[in-house]
Amino acid sequence: MRTKFSFLLIFFFIVPLALAELKPGFYSTSCSKAESIVFNVVQRRFSTDKTIPGGLLRMFFHDCFAGSAGCDAAILIDSTDANPSEKDASPNLTVRGYEIIDEAKQELEKVCPSTVSCADIIALATRDAVVLAGGPNFTVSTGRLDGLRSNPEVVDLPGPTVPVSEVLQRFANKGFTPKEAVALLGAHTVGFSRCSFFQERLSNFRATGVADNDMDQSFAEDLSRTCGSSSSEDPTTFLDHGTPNAFDNQYYNQTMFKRGVLKIDQALATDTSTAGFVSHFASDQADFQVTFSNGMVKLGGLGVLDNSAGEVRQNCRAFNRPSTQPPNKGRGQKPKDNKGRKQLSFPFNMFQNGN
Ligand code: HEM
C-alpha cells in the first residue's frame, strides 16, 4: 500500500515537476536564434567534412550514457593538473568534434551571453548532424544545464567485444527497450573505428588461427589491408562499408552479410535476442528512423540537471567557477552517486535496478 502510494506520489507530483525543466523551444524567448545558430555552424562544418555526424553522435552518447550525471556536457571539460576530466577517460580518448561545439558556443555567447548550455548545444548539434547526413529529424527538448563535475573515474562504457546480453542489460538499466538499443547502435551507420577495436577479428580470432567465422572472408581481407597499411599507427575504417556517410539502415544490411566491423555490430545480427530487430530494421528504414529518434530523445533526457545542480558555462571546456569541482582523487574512487543533485529520472531510469 505504502509502495503504491509512493509510486503515485512520484508519478503525479515529482515527475511532472522534474520534466517541466526540458521543453521544445526552451530558448524561443531568451535566445530566439539559438537553434539556427547551432544549425548553421554544423552545416558549415558538414559542408567540408561529411564525417562529423559520427563524431557528434558518439560524443552525445558518451556524455549522456556514460558520464557522471548524464547529458551535462561533462565530457567537454578540459583536464587540469588538479582535475583530470571525463575527456581523458579511455573510452573518450578518441571522441571528436569538440571544436564544433566550441564554435557554436562562441557564436551564441556573442548573441545571448550565458544563456544556452553546452549540454543543449551537443544535443542540438547532434540532431542537426543526423539530419544533414540524411537521417530523421526529431524534436530536441532543451533546458539542460551544464554539470559542475567531470570525473574520468565514473566513465563506464562497454568495449566492442561485450556480449549482446550485457549491452541490452546496460540499456535496460537506463530504461531502454532491446529494440531501442538496437536502433541506437544503428548510429554505427556513420563514422569510423580504429583498427585496434576489431583487429583481432581479422586473423587468429580468439586463438583459433583464423579470422572470425562471423566475418565475411573477403571483407576480412579488405580490412586486413587497411589495417596493415603503414600510413598510421592505428588506421581507421568506416563502420558501415555500404553507405559510410549516410544516415540510413545500410548498417543492418551490412551485418546481415557478415560485414559488421565491430564484434558487437556483428553479434547483434546473430544473437537470437536481437537478430529479429536487425532484419526488421534492414528492411524497414522508416521504423528504424522512428525508433532511433525515440531512442535519441530518451538518451537526451538522461540525468538532466536542474537549477541547483548546474550552470550555463561561458566556455564549454571549463567550469565558470573552477573551484566548484573538488579534486578528483586517484584511481579506484567510487562513482559519484549524484547526491546533492536533483535529476530528471522518469521515464528514463525509473526502473533502474538500483546500482
Ligand atoms: C554500447 C554499445 C557500443 C559499443 C561497444 C560501441 C563501441 C564503439 C567503438 C569501439 C567505436 C570506435 C571508436 C574509435 O575508433 O575511436 C565506436 C564508434 C562510434 N560509435 Fe559506438 N558503441 C556503442 C554504442 C553506440 C551508440 C548507442 C551510439 C550512438 C547513439 C554510438 C555511436 C558511435 C559513432 C557515431 C561512432 C563513430 C565515431 C567517429 O566517427 O568518430 N555507439 N563505437
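Modeller: A residue is buried if 20 or more other C-beta atoms lie within 10 Å of its own, exposed if 12 or fewer, and partly exposed in between, with C-beta atoms placed from the backbone. Also, this is a predicted model, where local features need pLDDT of at least 70, side-chain atom pairs count only at pLDDT 80 or more, and totals for chains, interfaces and linings use all residues. Residues are numbered from 1 along each chain as its sequence is written.

Colleague: Okay, which residues have the most contacts inside the largest nonpolar core?

Modeller: V38, I101, A104, I121, I122 and A125, in a core of 82 residues. Helix α5 (residues 118-132) gives the largest share of this core, nine residues. Helices here are DSSP runs of H or I with at least four residues, strands are runs of E with at least two, and both are numbered from the N terminus.

Colleague: And what does A125 touch?

Modeller: Leaving out residues up to four places away in sequence, A125 touches V38, V42, L56, I100, I101 and A104. Touching means contact: the C-beta atoms of the two residues, placed from the backbone, lie within 7 Å.

Colleague: What's in the second, separate core?

Modeller: That core has five residues, among them L202, M215, A220 and L223.

Colleague: Zooming out, how many helices and strands are in the protein chain?

Modeller: There are 12 helices and six strands. Of the 355 residues in the chain, 43% are buried.

Colleague: Back to helices. At what angle do α2 and α4 pack?

Modeller: About 145°, with the axes of α2 (residues 34-48) and α4 (residues 98-111) 9 Å apart. The axes are lines fitted to C-alpha atoms over the stretch in contact, and angles run from 0 to 180 degrees between N-to-C directions.

Colleague: Which residues make that contact?

Modeller: From α2 you have A34, I37, V38, V41, V42 and R45, and from α4 I100, E103, A104, E107, L108 and V111. They divide into nine nonpolar, no polar and three charged. For those classes, Ala, Val, Leu, Ile, Met, Phe, Trp, Tyr, Cys and Pro count as nonpolar, Asp, Glu, Lys and Arg as charged, and the others, Gly among them, as polar.

Colleague: New topic: which residues come nearest to the ligand?

Modeller: G54, T94, A187, G191 and R194, out of 26 residues around the ligand. Helix α3 gives the most, with five residues.

Colleague: α7 (178-185) supplies at least two residues of that shell too. Is α7 mostly covered or mostly open?

Modeller: Mostly covered, with six of its eight residues buried. Those are E180, A181, V182, A183, L184 and L185. What covers them includes α6 (164-173), α10 (263-270), α11 (275-283) and α12 (285-299).

Colleague: Last one: where is S114, and what's its phi?

Modeller: S114 is in the loop between α4 and α5. Its phi is positive, about 50°, although S114 is not a glycine.

Colleague: Why does S114 count as exposed?

Modeller: Because S114 has 12 C-beta neighbours inside 10 Å.

Terms used: Core = buried A, V, L, I, M, F, W, Y, C linked by C-beta atoms within 7 Å. Near = placed C-beta within 6 Å.
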